[in-house]
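Please read the following briefing alongside the sequence and the 3D structure. The points are grouped by topic for a reader who is new to this chain.

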Amino acid sequence: MSAQANAAPVIIKRKKVVGGGGHHGGAWKVAYADFVTAMMAFFMLMWLLNATTEQQRKGIADYFSPTIPINRVSGGGNGAFGGDSIFSEEALPQTGTGGTNKRISSENKSRGDTGTGTEDEKTAELLAIEEALMGRGGESQVMENALRHVITRITDEGLVIELFELDGAPLFVEDSNTPTQLLRDLIEIVAATSRAITNNISIGAHVAANPVVWARSPVWEKSATRGDIVRMLLEGARVPPQRIQRVIGHADREPVMENRMALRNNRVEVILLRE
């Protein structure tokens, strides 16, 4: 009896097991998969931007807007802003809205739309010429580099093809009216494209303002002479002389940059007039 009283009691400990204890679910897997997918898409985008040309990027952008037969505004470009400049005087003509910061016009007016919602046959013809001109940049690297100096817009007057200077790439030899090889190449491109139609042509030349005050400023003579040189280059590129209706020297009166002395103000406009 005393032996049983001195025996140690037997204690049975039962552990309650809760199913799924410490499990946080599978939401983190979904979040991680989304992150990996986004990173893969990002690196594919970076690779595409580096591996494609300007024209190929424009084609990719146009693919995602199939309802527009002619896409005038492309999201492609080499810059951080999708090919657009942060300066309105450079961005507006490139995006088809026409004009500059001093001569801004709405997109439908710059295209020459009548307001009826449909473009007439002449406007459609000019649009086709514009697309053919800008699309030639994909033919070679040299041509693509040359077309960096070209912007186009359609106005009530016609298709305006603007050729302009960039830093280190002038249209005329410095302090002279001698055309550079760049201008000759650009005129050849414009002439070859314009031969597809019979529209008359207008030529306008603009120059940058002089950095100092001259007793007799040469800007009028310089712009008029440069316009006439462009006329002769077009005729030398087999454009019939009778198609050229006028040559205008605008001097420095219509700058496209706020800085009137900027090289970007040195430009030539070849306008394929509406018939």
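Among the contacts in the protein chain between residues at least 6 apart in sequence, 65% join residues at least 24 apart, a contact being a pair with heavy atoms within 4.5 Å. This is a predicted model, in which local features need pLDDT of at least 70 and side-chain atom pairs count only at pLDDT 80 or more, whereas totals for chains, interfaces and linings use all residues. Residues are numbered from 1 along each chain as its sequence is written, and side-chain values use heavy atoms, with hydrogens and water left out.

**Overall make-up**

- The protein chain holds nine helices and five strands, where helices (H or I, at least four residues) and strands (E, at least two) are DSSP runs numbered from the N terminus.
- Read from the N terminus on, the order of the elements is α-α-α-α-α-α-α-β-β-α-β-α-β-β.
- Of the 275 residues in the protein chain, 36% are buried; here buried means under 20% relative accessible area, exposed means over 50%, and partly exposed lies in between, with a 1.4 Å probe and protein chains only.
- The accessible surface of the protein chain comes to about 16,700 Å², and 59% of that surface belongs to carbon and sulfur atoms; such areas come from the Shrake-Rupley method with a 1.4 Å probe, and for residues only the protein chains shown count as cover.

**A nonpolar surface patch**

- A nonpolar patch on the surface is formed by W28, Y32, F35, V36, M39, F42, F43, L45, M46 and L49, which together have about 1,000 Å² of accessible area.
- Patches are made of residues with over 30% relative accessible area and no salt bridge, like charges being joined within 9 Å and nonpolar side chains (Val, Leu, Ile, Met, Phe, Trp, Tyr) within 5 Å.

**Salt bridges**

- The count of salt bridges comes to nine, by the rule that a side-chain nitrogen of Lys or Arg lies within 4 Å of a carboxyl oxygen of Asp or Glu.
- E162 is paired with R153 in a salt bridge whose closest N and O atoms are 3.2 Å apart; E162 counts as buried at 2% relative accessibility, and R153 is buried as well, with a relative accessible area of 10%.
- R267 and E269 also meet through their side chains in a salt bridge (4.0 Å, N to O), and R267 is buried at a relative accessible area of 1%, while E269 is buried at 10%.
- Through salt bridges that share partners, R153, E162, R264, R267 and E269 are joined into one network.
- In helix α9, E235 and R231 lie four residues apart, about one turn of the helix, and their side chains meet in a salt bridge (3.1 Å, N to O).
- E235 counts as partly exposed at 25% relative accessibility, and R231 counts as partly exposed at 22%.

- Leaving aside neighbours within four places in sequence, R226 is in contact with E165, F172, S176, N177, A205, V207 and N266.
- I229 is found in helix α9 too, and I229 is buried, with a relative accessible area of 13%.
- With neighbours within four places in sequence again left aside, I229 is in contact with F172, N177 and P179; the C-alpha atoms of I229 and N177, which are 52 residues apart along the chain, are separated by 8.1 Å.

**Positive phi in loops**

- Most residues other than glycine have a negative phi.
- D175, a residue other than glycine, has a positive phi near 60 degrees; D175 has its place in the loop between β2 (158-164) and α8 (181-194), and D175 is exposed, with a relative accessible area of 71%.
- A251 is not a glycine either, yet A251 has a positive phi of about 55 degrees; its place is in the loop between β4 (244-249) and β5 (267-273), and A251 counts as buried at 1% relative accessibility.
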